[in-house]
Each structure stands twice: as structure tokens, then as C-alpha cells.
Amino acid sequence: MTIVLGAIADDFTGATDLASTLVAEGMRVVQVLGLPDDDTDTGDADAVVIALKSRTCEPGLAVRQSVAACDWLRGRGATQIVFKYCSTFDSSPRGNIGPVADALLTATDTPLALVCPAFPANGRTVYQGTLFVHELPLGESSMKDHPLTPMRDSSLIRLMQAQSRHKCGLIALQTVRAGPEAIRTRIADLAAAGHRYAVADALTDDDLRQLGTAAADHGLVTGGSGIATGLPTNLRRSGRIGTASAPALPRAAGRSLVLAGSCSSATRAQIARVKDTWPTRKIDVDAAAAGGAVAAAVEWTMAQPDDTPVLIYGSADPEEVAATQARYGAERAGALVEDTLSGIARQLHGKGFDRIVVAGGETAGAVVTALGATSLRIGPQIAPGVPWCDALGAAPLALALKSGNFGSETFFQDAFEMLT
Ligand code: ADP
């Protein structure tokens with residue numbers, strides 16, 4: 001089956017977010033977890049999103065995996081590649097957004113690529129090249145305290161130039177609002193002046209559509225999921241995709257579980273919302289380090305009533321995270337929580353929990369890998385950027401992979417209500 005659009009995402013929830021955007025625009029989308037091979041089944045998908053776990057790994061590895069994913073997608077017909085990163089530009093001065101984008105520019109032979117993490121539905125907007133998270137510039141938002149990728153600068157141009165080998169210019173809002181022709185002219189001028197990237201301002205979905213239209217013939221487009229909003233229309237206009245049917249809900253009918261590893265303020269509010277209603281257990285990082293935390297959590301879970309969702313979380317506020325990181329180091333502390341939640345997921349799936357919501361990008365990557373899911377058919381959306389997914393494979397498994405900061409306070413309840 002030939003695909004027409006390919007995407008590479010640097011984490012699992014980001015991939016789902018992008019896939020969901022394409023589904024909402026009427027495309028048939030399969031998300032592949034990790035690098036695909038010759039046997040990977042993508043069904044009748046016209047877009048394939050490859051979910052890597054390359055946001056915080058060593059930059060060389062992120063580049064190698066991303067280029068391999070790009071080659072696989074282009075080998076199956078994709079003429080346009082979207083490189084999807086977080087709408088809060090999660091990265092560090094060493095990468096990985098810059099090095100991966102540089103390598104994909106070369107692999108796709110693209111003169112200049114857009115850089116636009118804007119996602120207005122979730123409060124991420126770009127103005128004069130500055131990224132905002134709701135009313136705050138990125139560097140003043142809660143992202144400044146992220147456990148793995150604290151973001152302390154808000155200028156996308158500065159952030160991109162610090163990570164990339166190339167010059168990065170700006171497509172200001174007035175140009176975006178002047179429409180696709182004006183955007184193309186600006187891109188041509190920037191390219192002529194030696195820029196290989198253009199940060200694009202966008203405050204609304206309509207701004208993103210204008211950019212998408214202007215990028216119809218770009219071999220590479222980079223950004224948050226929003227930048228893909230306008231791309232399916234281009235494909236439909238050129239007759240490369242038809243109209244698709246509405247996506248179906250997943251098949252799983254067993255017990256419900258939430259596993260949260262995100263320490264974001266949104267996830268902590270979602271936890272607080274159900275804490276007194278559902279059986280809830282917090283992972284003790286010291287106990288996880290000592291061993292036996294998985295078995296204890298599984299035993300506790302199996303003793304809970306079977307007619308209610310169960311919530312297990314590692315999530316903590318910035319003070320507690322800092323104290324834990326001081327004891328174990330940031331990487332080991334994160335791995336302890338991720339490994340514990342992954343072990344719990346694997347065991348509980350074997351005991352009838354087949355509707356699983358995971359909160360946190362890195363956490364979702366770890367949990368899904370542990371569950372052995374390799375491809376997901378993307379279903380209807382629970383909240384902007386978070387759909388229910390059906391794991392392709394023998395045993396039913398419904399997964400919702402939520403980027404930490406996404407979703408309203410009632411997200412966990414909303415998710416399971418859709419399945420009843
Ligand atoms: P988000 O989507 O909010 O970025 P992630 O899952 O990507 O969430 O990242 C959160 C990281 O924080 C994970 O590596 C997770 O294991 C780690 N973490 C979770 N709870 C704690 C804790 N109590 N102390 C230290 N690190 C934690």
C-alpha cells in the first residue's frame with residue numbers, strides 16, 4: 001500500500017497527537033511504534049506516523065533513527081515528511097530538534113523548512129518568533145521546571161540556532177495572514193539570504209492552515225502537530241487522497257487503568273480530580289529503587305473493586321521532583337518511575353486491564369514498549385491531541401497516550417466514558 005504523507009515524531013504521545021490531527025482532517029492513519037521494518041503492516045493507511053523515543057537520547061542516535069525512519073517512509077511513497085516535536089519545543093542546547101532537523105533537511109533535499117510548534121487549541125502560540133504557553137512565554141511557563149528538558153528561553157530562533165548548523169529566520173504574523181503567496185515569497189527571500197529554517201508565527205488554526213497551504217511542495221515540514229493541519233487539504237486538492245470514513249473506537253472491553261509519570265501541572269490536576277473517587281496509588285521512588293515496587297502495586301491493584309478505573313502515578317510537584325533528583329540524579333529518578341510503571345502495565349495487561357491511559361511522553365514510550373505494541377490504528381479524539389488508539393495485534397488493547405500538559409481536569413474520566 002502506498003502512503004502519501006510520512007511523519008517522524010520524537011516521542012510517543014507527540015506521534016499520537018500528530019496522527020490525531022491527520023485523522024481529524026480525514027486521513028487514514030497508522031502510528032508505528034519504533035523503527036519499522038519490511039514486515040511492518042500499515043493496513044490501508046495513507047499517512048504513517050513513526051513514533052521514536054528520540055527527544056532526550058544521545059543526538060547521534062536520534063539522528064540515525066530519524067533518518068532511517070525518513071528513508072522507510074520515502075521508500076513507501078511519502079513525498080512529504082513532517083518532523084514532529086513537542087509544542088513546547090522540548091530540547092536542550094545539544095538537541096535533539098536541531099541535529100535531527102539538519103539531517104532530515106539533507107535526507108529530503110529540502111532547501112528550507114518551517115519551524116512552527118504552535119498548537120492554539122492547547123494554548124501554544126508563536127508571535128514574533130516567541131513561543132507562548134497560554135499567557136506566558138515558554139521560559140516563564142511551568143516548562144522551566146520540566147524534569148528532563150527544562151526550557152528557560154522563549155525565542156524559537158535562538159533555540160533553533162543554538163542546536164542547528166543553519167541560519168533561522170522569521171515569517172512574522174502579518175506575512176502569515178497575508179496568505180500562502182506572501183508566505184512563499186518570504187520563504188524564497190529567506191532561502192536566498194542563506195537561511196535553512198523559518199520560524200513561523202501562528203496564533204490560530206487558520207494561521208496554521210495558511211502555512212500548510214504554502215508548504216504544499218516542501219519535502220520537510222517541522223513543528224508541533226498543528227503545522228500538519230493544512231497538509232491533508234493539499235493532498236486532497238491534488239487528488240492524492242479521497243474522503244475517509246470516521247475513525248472507530250477501540251475494541252477492548254476489559255478493566256481500566258491510568259498510569260501517570262508526567263509531573264506537569266495539567267496531569268497533577270487530572271490526578272487530583274480522580275484521587276478521592278478511584279483507587280489511587282503513588283509510586284514511592286525510594287521503594288522502587290529498593291526493588292519490589294511492581295509486585296506490590298500489582299497485588300494492591302488486584303485487591304481493588306473491578307468496576308472502577310485504577311490510577312497509579314509517580315507524578316510529583318517540582319519541589320518533590322527536585323529532592324528525588326538530588327538523591328538519584330534526574331535520569332535515574334525518571335527511569336525508576338518509568339520502569340516501575342512499565343512493569344505494572346505489563347503485568348496488569350495480562351490480568352485483564354486492556355483499557356490503559358498513560359500520561360507523559362517519556363512515560364508513554366516506556367509503557368507502550370513494555371506492552372509490546374508496535375502499531376496503533378488511530379481512533380476518535382478524547383481531547384485535542386489525544387485520541388483513543390487500537391493496538392494492532394492479537395490481544396485487544398485500547399491505549400490513550402497523553403502528553404503531560406494536555407487535556408482538561410476531567411481528562412481521565414472523559415477517556416473512559418467514551419468507551420462505555
Ligand atoms: P511530560 O509529557 O509531562 O513531559 P514525561 O513522561 O515525558 O512527561 O516526563 C516526565 C519524567 O518525569 C519521566 O521520566 C518520569 O519518569 C519522571 N518522573 C515522574 N515522577 C517523578 C518523580 N516523582 N521524581 C522524579 N522524576 C519523576
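Trainee: How many residues surround the ligand, and which are the closest?

Mentor: A residue counts as near a molecule if one of its heavy atoms lies within 4 Å of it. Here 22 residues surround the ligand, and the closest are His146, Ser262, Glu338, Glu362 and Thr363. Please note that this is a predicted model, in which local features need pLDDT of at least 70 and side-chain atom pairs count only at pLDDT 80 or more, while totals for chains, interfaces and linings use all residues. Residues are numbered from 1 along each chain as its sequence is written, and side-chain values use heavy atoms, with hydrogens and water left out.

Trainee: What is the make-up of the shell around the ligand by class?

Mentor: The shell has 7 nonpolar, 13 polar and 2 charged residues. In this scheme Ala, Val, Leu, Ile, Met, Phe, Trp, Tyr, Cys and Pro count as nonpolar, Asp, Glu, Lys and Arg as charged, and the others, Gly among them, as polar.

Trainee: Which polar side-chain atom lies 2.6 Å from an oxygen atom of the ligand?

Mentor: That atom belongs to histidine 146; a polar contact is a pair of N or O atoms within 3.5 Å. The backbone also takes part: an N or O atom of glycine 334 is 2.8 Å from a ligand oxygen, and one of glycine 404 is 2.9 Å from a ligand oxygen. Taken alone, the ligand exposes 570 Å², of which the protein buries 96% (areas by the Shrake-Rupley method with a 1.4 Å probe).

Trainee: How many salt bridges are there?

Mentor: Side chains of opposite charge can pair when their charged atoms come close. The rule asks for a side-chain nitrogen of Lys or Arg within 4 Å of a carboxyl oxygen of Asp or Glu, and the count comes to 18 salt bridges. One of them joins the side chains of arginine 28 and aspartate 44, at 3.9 Å from N to O. Arginine 28 lies in the loop between α1 (12–24) and β2 (29–33), and aspartate 44 in the loop between β2 and β3 (47–51), so the pair ties together parts 16 residues apart in sequence. Helices (H or I, at least four residues) and strands (E, at least two) are DSSP runs, numbered from the N terminus.

Trainee: Where is there a cis peptide bond?

Mentor: Most residues other than glycine have a negative phi, and most peptide bonds are trans. The bond from glycine 95 to asparagine 96 is cis, with omega near 10°. Aspartate 109 has a positive phi of about 55°, although it is not a glycine.

Conventions:
A polar contact is a pair of N or O atoms within 3.5 Å; within protein, one must be able to donate a hydrogen and the other to accept it, and residues adjacent in sequence count only if both atoms are side-chain atoms.
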